[in-house]
Amino acid sequence: MQSGLISRGFEEFFQGGERLPKTHQQTGRAWAASELRQKSWEDLHKLWYLVLKERNVLASQNEEAKRLGVHAEAFTNKSRVIKCKKSMARIKTVLNERRLAWEEAQKLSAEQNKKTVTEKSPDVVDNGEAKAPPSSESTASGSEANSTTATV
C-alpha cells in the first residue's frame with residue numbers, strides 16, 4: 001500500500017498496512033485530564049474516536065500476533081493499550097464533569113428564575129400559591145351596591 005493513499009475500511013485496522021509492526025515504535029504518553037479540560041466539545045469527540053481507532057489497531061495487532069504464534073516477549077503493545085485506556089477514561093471523566101456542571105447550572109438557573117418571578121409578582125405568596133384578587137363584593141357594602149343599581 002502506498003503512503004499517499006487514504007486507507008479505508010479493513011486497512012484502517014492495520015498500522016501502515018502491515019499485519020504486525022516490524023520495529024518497536026516510540027509512543028507518547030496518555031492525555032492528562034488537565035489538558036483535556038482545555039479542549040472543546042468537538043475536539044474531545046474527535047480525540048475519542050482517534051484513541052478508539054488506535055485501540056482497535058492495537059487489538060488487531062494482538063489478535064494477529066496470536067494467530068501467527070508470535071511469543072509475547074517478541075511482540076507486545078501492552079503499554080500502548082494502557083495509554084489508550086487511560087486517555088479514554090480521562091475523556092469520559094472530563095465529559096462527565098462538564099455534564100454535572102451543566103446540570104448544576106440548569107438547576108441554579110431554574111431557582112433564580114423562580115425567585116425572580118416571585119419577587120416581581122406581589123400576588124404570589126411564599127408557598128407558591130396565588131393570592132385571590134379582591135372581589136367587588138368584599139369592597140362594597142350591600143346597601144351601596146343596591147343604591148347604585150336603583151339610580152340607573
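Reader: What makes the contact between the side chains of R80 and E54 a salt bridge?

Author: In this predicted model, the side chains of R80 and E54 come to 2.3 Å, N to O, and since a salt bridge asks for a side-chain nitrogen of Lys or Arg within 4 Å of a carboxyl oxygen of Asp or Glu, the pair is counted as one. R80 lies in helix 3 and E54 in helix 2, so the pair ties together parts that are 26 residues apart in sequence.

Reader: Why is R80 called buried, and why is E54 called partly exposed?

Author: R80 has a relative accessibility of 10%, and buried means under 20%, so R80 counts as buried. E54 stands at 27%, which falls between the limits of 20% and 50%, and therefore E54 is partly exposed.

Reader: How do you know that E97 and R37 form a salt bridge, and which parts of the chain does the pair link?

Author: The closest N and O atoms of E97 and R37 are 2.9 Å apart, and the cut-off is 4 Å, so the pair is a salt bridge. E97 sits in helix 3, whereas R37 belongs to the loop between helix 1 and helix 2, and the two are 60 residues apart. Both are partly exposed, E97 with a relative accessible area of 32% and R37 at 42% relative accessibility.

Reader: Why is Q38 called exposed, and where does Q38 lie?

Author: Q38 reaches 71% relative accessibility, and the limit for exposed is over 50%, so Q38 is exposed. Q38 lies in the loop between helix 1 (33–36) and helix 2, and its C-alpha is 9.8 Å from that of V94, although 56 residues separate the two in sequence.

Reader: Which elements give two or more residues to the largest nonpolar core?

Author: The largest nonpolar core has 11 residues in all, among them V51, M88 and V94. Helix 2 (41–68) and helix 3 (78–120) each give two or more residues, and the largest share, six residues, comes from helix 3. Leaving aside neighbours within four places in sequence, M88 is in contact with W48, V51, L52 and R55.

Definitions and conventions
Residues numbered from 1 in each chain as written. Predicted model: local features only at pLDDT ≥ 70, side-chain atom pairs only at ≥ 80, totals over all residues. Heavy atoms only, no water. Core = buried A, V, L, I, M, F, W, Y, C linked by side-chain atoms within 4.5 Å. Buried < 20%, exposed > 50% of the residue type's maximum accessible area, 1.4 Å probe, protein only. Helix = DSSP H or I, 4+ residues; strand = E, 2+ residues; numbered from the N terminus. Contact = heavy atoms within 4.5 Å.
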